[in-house]
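Please read it with the structure open beside you.

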Amino acid sequence: MYRPEMEDMEELFTEAQSHWLLQNATCRKAGSGVYRIDNGTEAFVLKRITFPLSEYAYIQGAVRHLHARGFHHVPVPVVTQEGTDYLYHKEFYYFLAPWLPGDQADYHNIADVKTAGRTMALLHEASSGYRPYYYKGRIKWGELPDTFNRKIRDMESFAQRARAKSLPGLFDVLYRRQVEQALTDARVAGQGLPLSYGQVNALEERRGGFCHHDFAAQNLLITGEEVANVIDFDYCISDCACHDVASLLLRILKRNAWQLDAAMSGFLAYQEVCSLSAAEKSLIYHFMLFPQDFWQAGFAYYVEGWVPREKLERRLDLWQENMESRRMALEHLRREWRLVC
């Protein structure tokens, strides 16, 4: 059985040179399943595809759609001489794309935060009209209320399991201590959705488009221009743009000790490109209020079971440490946007 961690880089590189007619090039490993190829004048990323080809078609279709719509800050796959945009090598597929320049964004840096907000808005504008073939797990229109309700049931179930243990571990003790507040936030978020979600989702679904869904600092490459390069579309989904905006604001808040100023700078930069309605602001707020990190820790511990216990205990420790700061930041945001919840 072929194991990708034992990948023969030289053999893979030789095949890539042949399929993409790369001459006088060198190759070096740049991460797990990721390689950088240089030929003296250009640099490329060769990356393993970790999805079925039908799902990969959704992802790369989204990237090509952005480029065709004028958003050129994305790694568009290079077509092979056989006319495909992938290479098959020992049970795995790989794609080749230009290696985009730039330094990883720092969400503690206000200039980078503003660039992130503007870049996301321009990406969302360019995503308009993307209507791919249906792929389960990527097309999320209308699913948010059911998703919130399912995760609430998950947290209730996890709490029951934690309380039922005669010899609970530290994670169980921490979970029992924190779950009621998390469930309160989750229920408020879920109950607030009908006021905004149906309207926003209907408009967004008609418009088409998608979320990057992983606007982490390492996926945003700052070049000194007003727009950054955006990489790693592995998690992109067809869903309301508010989902992306809420996730970005949470990332910025976490990086800045839950102080709202930096996050608002990113939001205002987004607003300069894409003006958001009161309903969209309400949806963003309820996205942010839902305790996604807390749910994820419980799911990893009680369902998945492969994440080290100590790591998950630390995540709950951090959740407890930040609970009050998080609450104050979200309440400040609610007042700033004059939301009635």
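1. **Ground rules.** This is a predicted model, in which local features need pLDDT of at least 70, side-chain atom pairs count only at pLDDT 80 or more, and totals for chains, interfaces and linings use all residues. Residues are numbered from 1 along each chain as its sequence is written, and side-chain values use heavy atoms, with hydrogens and water left out.

2. Helices (H or I, at least four residues) and strands (E, at least two) are DSSP runs, numbered from the N terminus. Helix 11 covers residues 309-336, which is 28 residues. From first C-alpha to last it reaches 39 Å, close to the 40 Å expected at 1.5 Å a residue. The expected span is 1.5 Å times one less than the number of residues. Helix 11 also has a kink of about 50°, centred on Asn 322. That bend is the angle between axes fitted to the seven residues ending at a residue and the seven starting there.

3. **Helix 11, buried side.** Buried means under 20% relative accessible area, exposed means over 50%, and partly exposed lies in between (1.4 Å probe, protein chains only). The buried residues of helix 11 include Leu 312, Leu 316, Trp 319 and Leu 333. Two charged residues, Glu 313 and Arg 326, are also on that list. The cover over the buried residues includes helix 5 (170-192), helix 7 (241-255), helix 8 (260-273), helix 9 (278-289) and helix 10 (292-304). Just after helix 11, Arg 338 takes a positive phi of about 55°.

4. **Helix 9.** This helix has 12 residues and reaches 16 Å, close to the 16 Å expected. Helix 9 is mostly covered, with 11 of its 12 residues buried. Among them are Glu 280, Lys 281, Tyr 285 and Phe 287. The buried residues of helix 9 pack against helix 4 (144-164), helix 5, helix 6, helix 7, helix 8 and helix 11.

5. **Lys 281.** Lys 281 sits in helix 9. Leaving aside neighbours within four places in sequence, Lys 281 is in contact (heavy atoms within 4.5 Å) with Phe 267, Gln 271, Leu 276, Trp 337 and Leu 339.

6. **Positive phi in loops.** Most residues other than glycine have a negative phi. His 213 has a positive one, near 75°. His 213 lies in the loop between helix 6 (197-207) and strand 7 (220-222). It is partly exposed, at 31% relative accessible area. Trp 258 also has a positive phi, near 65°. This residue is in the loop between helix 7 and helix 8. Trp 258 counts as buried, at 8% relative accessibility.

7. Strand 1 (residues 26-31) and strand 2 (residues 34-38) run antiparallel and are joined by 5 bridges. Two strands pair if DSSP finds at least two bridges between them. Arg 28 stands opposite Arg 36 in strand 2. The hairpin has 2 residues between the strands, and Gly 33 takes a positive phi near 70°.

8. **Salt bridges.** How many salt bridges does the structure hold? There are 23. In one of them, Asp 38 joins Arg 36, with the closest N and O atoms 3.1 Å apart. Asp 38 is partly exposed, at 22%.

9. Lys 47 bridges to Asp 232, the closest N and O atoms being 3.5 Å apart. Lys 47 is in strand 3 (residues 43-49) and Asp 232 is in the loop between strand 8 (229-230) and helix 7, so the pair ties together parts 185 residues apart in sequence. Lys 47 counts as buried, at 17%. Lys 47, Asp 232 and Asp 234 are linked in a network of salt bridges. Arg 255 and Asp 106 also meet in a salt bridge (3.3 Å, N to O). Arg 255 is in helix 7 and Asp 106 in the loop between strand 6 (103-104) and helix 3 (110-127), 149 residues apart. Arg 255 is partly exposed, at 42%, and Asp 106 is partly exposed, at 30%.

Conventions
Salt bridge = Lys/Arg side-chain N within 4 Å of Asp/Glu carboxyl O.
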